[in-house]
Amino acid sequence: MFKPTVGPIIGHTTTNHARIFLRGDIENTAPVFAGIRYRRAGDTHWPTGQFVALTALRDLSDVIALNNLDADTAYEYQAGWFSTMSPVHTVETVQELPLQWPKEIYRFRTVSSKTTAARGYIVGSCRYLRMTAGEPSAPAKGDRIFAAIGALAEQSSPPISALLMTGDQVYLDDLNVIAPDREYTEILGKYRAAFSQPHIQKLMTSLPTYMILDDHEIEDNWPVNESADDKLLYTNAMAAYELYQASHSPVHELLPNGQPSRELKHYWYQFSEGDIEWFVTDSRTRRTLAADDRRILDAEQEQALFKWLINSPARVKFVVTSVMLYPDRKHYGDDAWQAFPEQRLRLLETIRTHKIKNVIIVSGDVHGSLTSRLSHSEDPDFEVHTIVSSPLCNSALLPYAKASTFVLDQPLVRTAAGDYHHQLTSNVVSQDNFAHLVVDAQQIRVGYHDREGNQVQSTNIQLR
């Protein structure tokens, strides 16, 4: 067997379940299979592996789900791919082959079943990896921050539960002016390069990773900049996104055989860990730009989000939106929630009128990191915080955001029932960085770290 050409990537992980993405390669026209075998850390016996047939239709990649795991338990696993000379082999018959597994042993931990356990998360977005003639340019620059994340994860207490990548994991449009990537093979090449750099590859073998797209997974400021010639681009970009980012997320329901369904109805999803829940929105592909009904989330997603906010018993509710809910930008704000004021107000009023506590908005996009608090002039019980983390790696062509980037000297929204006021609760971090969140019984500690792992900013958000 050979090492995966991309991955393995640990995706959605629960107390008893984990999804692992991996990609093989093609050898002539021979059938290709991938496999994973796993055991509890410390065991010496490897059980029979689980296998899947790889096809060119899915870029020789797939996801294997591990089930019936024990909570809060360390597991180790091996992963690889191989081809067979016989065209009649199946995923059942290859289990009997005398396979030699790659020597690499990877490790991950299942989620703790303790409802109120303190938990840690890493949040980041906007990882620029420029490609030239199909190869990454200065790839170490776009990969180095993941070494710092890995080092922090190895010694963090409480353990890091997950890595949240909130948009622009790839930049398909980095050379739009000269030679835009529009063909499916070119786009797949970008994903393979982005996820197979050494530090991010090592990190994602062990840290459950959740992803959602933003505009650069398609093109800048999508769909405002959409043209009549972009139909093929969108089709190809979404096909690649579904393989490399959505496939290992919880958006795919499990079939009776315990493996993820191939059916995909939408990109937004939810997951939970104890009394902490996450709703990861798709604020990019379901937009409506019609003047009489502007929406950044489609009606179905809005209803699902509001229902979850109102009915979920979670103590802390994280809402991920790749673009910022607030504060507004002075320029180029037409790409974020400020361009959809009616829907934004519906969201805020839903939180306020139902007295929902501990709602935290998590975003990226703006190439600057910050925390901010939103309050209401007539409702002292209302409070919403935002945590923004961006970029993991900036392009030299793009400026970092600063405090002067945002509108901070006037209410976010004025209504007959009162005004929504916001204020920064941290400085704006204007450099490559990632956020480390620790959620405990009293607060959320937000630490921003530079690409070497040094903490450059720290904020505490008190829970109620």
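Q: Accessible areas come from the Shrake-Rupley method with a 1.4 Å probe. What does the accessible surface of this protein chain come to?
A: First, a caution: this is a predicted model. In it, the accessible surface of the protein chain comes to about 19,100 Å². Carbon and sulfur atoms account for 50% of that surface.

Q: How do I read burial, and what share of the residues counts as buried?
A: A residue counts as buried when its relative accessible area is under 20%. Over 50% it is exposed, and in between it is partly exposed. Here, 59% of the 464 residues of the protein chain count as buried.

Q: How do I describe the whole chain? How many helices and strands are there?
A: Begin with the elements. The protein chain has six helices and 23 strands. Next, take the radius of gyration, which is 22 Å. The globule rule gives 23 Å for 464 residues, and the two values are close, so the chain is as compact as a globular protein of that length. For its extent, look at the C-alpha trace: along the principal axes it spans about 70 × 50 × 40 Å.

Q: What do the contacts say about residues at least 24 apart in sequence?
A: Take contacts between residues at least 6 apart in sequence. Of these, 73% join residues at least 24 apart.

Q: Which residues does S249 touch?
A: Leave out residues up to four places away in sequence. S249 then touches H12, R19 and Y269.

Q: How do I read a salt bridge, and how many does the structure hold?
A: Side chains of opposite charge can pair when their charged atoms come close. The structure holds 27 salt bridges. One of them joins R344 and D328, with the closest N and O atoms 2.7 Å apart. R344 lies in helix 6 (residues 341–353), while D328 lies in the loop between strand 15 (316–320) and helix 6. The pair therefore ties together parts that are 16 residues apart in sequence.

Q: Are R344 and D328 buried or exposed?
A: R344 has 4% relative accessibility, so R344 counts as buried. D328 is buried too, with a relative accessible area of 14%.

Q: What about D419 and R414: is each buried or exposed?
A: Their side chains meet in a salt bridge, 3.2 Å from N to O. D419 is buried, at 16% relative accessible area. R414 counts as exposed, at 61%.

Q: How far apart are the closest N and O atoms of D440 and R445?
A: They are 3.0 Å apart, and the two residues form a salt bridge. D440 is buried, with a relative accessible area of 14%. R445 counts as partly exposed, at 32% relative accessibility. Salt bridges can also share partners: in this way D214, R284, R287 and D335 are joined into one network.

Q: How do I read a sheet? In what order do the four strands of the open sheet run?
A: Follow the pairing from strand to strand. The order is 4-3-6-7, and the pairing is antiparallel. Strand 4 (50–54) and strand 7 (106–109) are the edge strands, since each pairs on one side only. On average, neighbouring strands of this sheet are turned by 30° against each other, direction ignored.

Q: How many bridges join strand 6 to strand 7?
A: Four bridges join strand 6 (residues 74–83) to strand 7, and the two run antiparallel. To see the pairing in the structure, find A74: it stands opposite R109 in strand 7.

Key:
Residues numbered from 1 in each chain as written. Predicted model: local features only at pLDDT ≥ 70, side-chain atom pairs only at ≥ 80, totals over all residues. Heavy atoms only, no water. Contact = heavy atoms within 4.5 Å. Salt bridge = Lys/Arg side-chain N within 4 Å of Asp/Glu carboxyl O. Buried < 20%, exposed > 50% of the residue type's maximum accessible area, 1.4 Å probe, protein only. Pairing = 2+ DSSP bridges. Axes fitted to C-alpha atoms, helices over the stretch in contact; angles between N-to-C directions. Rg over C-alpha atoms; globule rule 2.2 N^0.38 Å.
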